[in-house]
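I am keeping this notebook open beside the model while I look up one thing at a time. Come along and check each entry with me.

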Amino acid sequence: MELYKDKTADADARAEDLLSRMSIEEKAAQMLQVSYNTLSPEDYEKYQRLGVGAFLHVLGSDADKIREKASKTRLKIPPIFGIDAIHGHALRNGATVFPSQLAMSCSFDRDLIRGVGRVTAREVCADGLDWTFSPVLCIARDLRWGRVDETFGEDPYLCGELGRSITEGYEEDGYIISCAKHYIAYGEATGGRDAYDSPVTERKIREVFLPPFEKAVRAGCSSVMTAYGSVDASPLTANRRILREILKDELGFRGFVVTDWENVRSLVTNQHFTDNLCGATKAAVEAGNDMSMNTHEFYECLLSLVKNKKIHTSLIDDAVRRILRVKFRLGLFDGKERPDKKVIGCAEHKKINLETARESIVLLKNNGVLPLGEDVKTIAVTGPNADDIRAQYGDWTFFSHPEPKDDAQPQGEYHTVLDGVREVFKDRRVIYEKGCDIFGAENDIKKAVKAAKKADAVICVVGDSTAQNGEYRDRADITLSGFQLELIKKLRETGRKLIAVLVNCKPLCISFLKDNCDAVIETFNGGDFGGLAAAELIAGKYNPSGKLSVSFPELSAQTPCYYNSYDGWHGGRYVDTKGGNTFDFGDGLSYTKYVYSNLRLSQNVISVDGFTDVSVDVTNAGERDGKETVMMFVNDVISSVLTPRMELKNFKKIFIKSGDTKTVTFRLSADELSIVTPSLEYVVEKGDFEIMVGGNTKEYLKDILTVK
Ligand code: NOJ
């Protein structure tokens, strides 16, 4: 098994040789990462002269200047430059902005997402940088959490598979390294509050939160970021068990661990783990952090710990060795070759981006109104997010990071929904009235209604804004804010065909839309081409295939509402709800119809080290060619610990021509059926397992597999 793709055969030897020639000051400097916006210009200059190991949030030619300074230091060790390129290299204005991770996860398409990684790597590298702080492998279970948009959704298997794909895409050409984050269980914080304690045990971590990281490590991920928070009251930054024993020793991770922003300082200021920064530095390094992001006193503290013999220097050597190995492997010492800057936002990348947007959009409801027919001569476009590229992009773009730039003008090509409708429906009359904002005490709903009355169909684009998502921005109320619901109600009263398009960072409570609109389309944050892809879908230019990677509750307080929860025995319904979700994981319609038949297992009885092949035939019984995601779920019927009644174990997206039938086969080995026992063993318990194969969590074929 290849854990780490050493492209330079001698990276290990060169790292070892360099390490043997380094002073303790040079080693400590390698373990520090700094950003300009946390330091005074003088200190920033000082750390550059010291030859710190890494920088973040530096772009293009600024990186060249820093590299130049590093080349004047005694050992000329090149710094490594990190950037939050989490849906494209979006902090660089003009680079490709892909749909958010949450949006792209709805594509259920491993190859597509690998391609997203490849494109991003090329653009980041062309811009002079080396390292993306991506993928986010957190599991989005509590929808109040402000960073749901950054995840691949609610399912650990899906998060792991797509995390693996994008990691491979980032790293396979040797342009950049990836960073699996936030290690671990960050999204599970109490009350969906960002950077709080996650009340989870190691058993739970192994069952739900570790598997995606394990897959990223196996895929060759070169760095891992320690989460801000704590698990079961133990701060992650000081958690030797989680970092050193599980990640490094057990999973065999050979890359390096970087803390999240100021984690070392937080051990003092937020987590009250120790009362001084040197104590925090010692705890962080001993736990297994190899690089400190942005607690710059870490450098002086390390030196003082060494001087006073308070830390084993072998731990420092291990950390520096890991960092240098990655730098050699990336070719940083050998004048790294970079693609021409022209690749940034180039035509080929745009094509892949448009494809990604199309595959990511989910058609949630269609009572037959879509695709819009020739009878629709005038279209009214309305809603606060119809023409707001910032909302469409979502978080982590040049608008928001590293500093807010509200008035930035995008330099690359982009299409809002309004743009898209105007382009796709060139031959129709398109009128636009915003109607209302996401927030605010006033509205123009009357004008929107007037426009709607002149039209045959109304496209109303609602959702949320980046002010309601991201770090520090958890929500207790995930309903449509401001006058948005009022706008939809008034538009409904016009009796026109009403299509709701959602441009939002995460699931919202949209049962009113489901009940009152003729069609509902979820785009999440669709990137540069989200608006165009939505308009094309409305026009029927392609057949939608996206499915939800996350469930939508009826009411805010129903979160968490993920599909793969354990059973209770009192009905599981809040007395003041209808019960169930508005939309579930796996929901998503198309313009054709798929029929599943002939589910069969190559063997219905296997041993604990055996496997079976699960096959199903899928027929495209409709009139249009299309792509279907076939999902395989498992239910461990009797188990010594609770297990979900349905757990995704595999999926495959396939293209089927109208009228054709295709067979999909999944290999399922017994070890994929293992549970984690209270004593932390992975055990395959003998007995029956229901195997369910279908296109979502509600309609499937079922068979029984027995493990003997
Ligand atoms: C804090 C965020 O939690 C993390 O995701 C990000 O990569 C770093 N800051 C750097 O911006």
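Entry 1: I started with arginine 147, where an N or O atom of the side chain is 2.7 Å from an oxygen atom of the ligand. I call that a polar contact (a pair of N or O atoms within 3.5 Å; within protein, one must be able to donate a hydrogen and the other to accept it, and residues adjacent in sequence count only if both atoms are side-chain atoms). Histidine 182 also has a side-chain N or O atom 2.7 Å from an oxygen atom of the ligand. For histidine 57, a polar side-chain atom lies 3.1 Å from a ligand oxygen. How much of the ligand does the protein bury? Alone, the ligand exposes 290 Å², and the protein buries 97% of that; these areas come from the Shrake-Rupley method with a 1.4 Å probe, and for residues only the protein chains shown count as cover.

**A note on the model.** I remind myself that this is a predicted model, where local features need pLDDT of at least 70, side-chain atom pairs count only at pLDDT 80 or more, and totals for chains, interfaces and linings use all residues. Residues are numbered from 1 along each chain as its sequence is written, and side-chain values use heavy atoms, with hydrogens and water left out.

**Entry 2: the shell.** I found 14 residues around the ligand, the closest being Asp84, Arg147, Lys181, His182 and Asp260; near means that a heavy atom of the residue lies within 4 Å. The shell has seven nonpolar, two polar and five charged residues. Here Ala, Val, Leu, Ile, Met, Phe, Trp, Tyr, Cys and Pro are nonpolar, Asp, Glu, Lys and Arg are charged, and the others, Gly among them, are polar.

Entry 3: Where does the ligand sit? I see it in the second largest pocket, as more than half of its atoms must lie within 2 Å of the grid points to count. On a 1 Å grid over the protein atoms alone, a pocket is an open set with protein on both sides within 12 Å along at least five of seven lines, a cavity is a set of points where a 1.4 Å probe fits but cannot get out, and lining residues have an atom within 4 Å of a point. This pocket holds about 930 Å³ of space; a volume is the space filled by probe spheres set on points joined across faces, edges and corners. Its lining has 42 residues, with Asp194, Tyr228, Trp261, Glu471 and Tyr472 nearest the centre. Strand S5 (179–183) and helix H10 (263–269) are the elements that give two or more residues to this lining. H10 gives the largest share, three residues. Both kinds of element are DSSP runs numbered from the N terminus: helices are H or I with at least four residues, strands E with at least two.

**Entry 4: the backbone.** I went back to histidine 182, which is in strand S5. A cis peptide bond joins lysine 181 to histidine 182, with omega about -5°.
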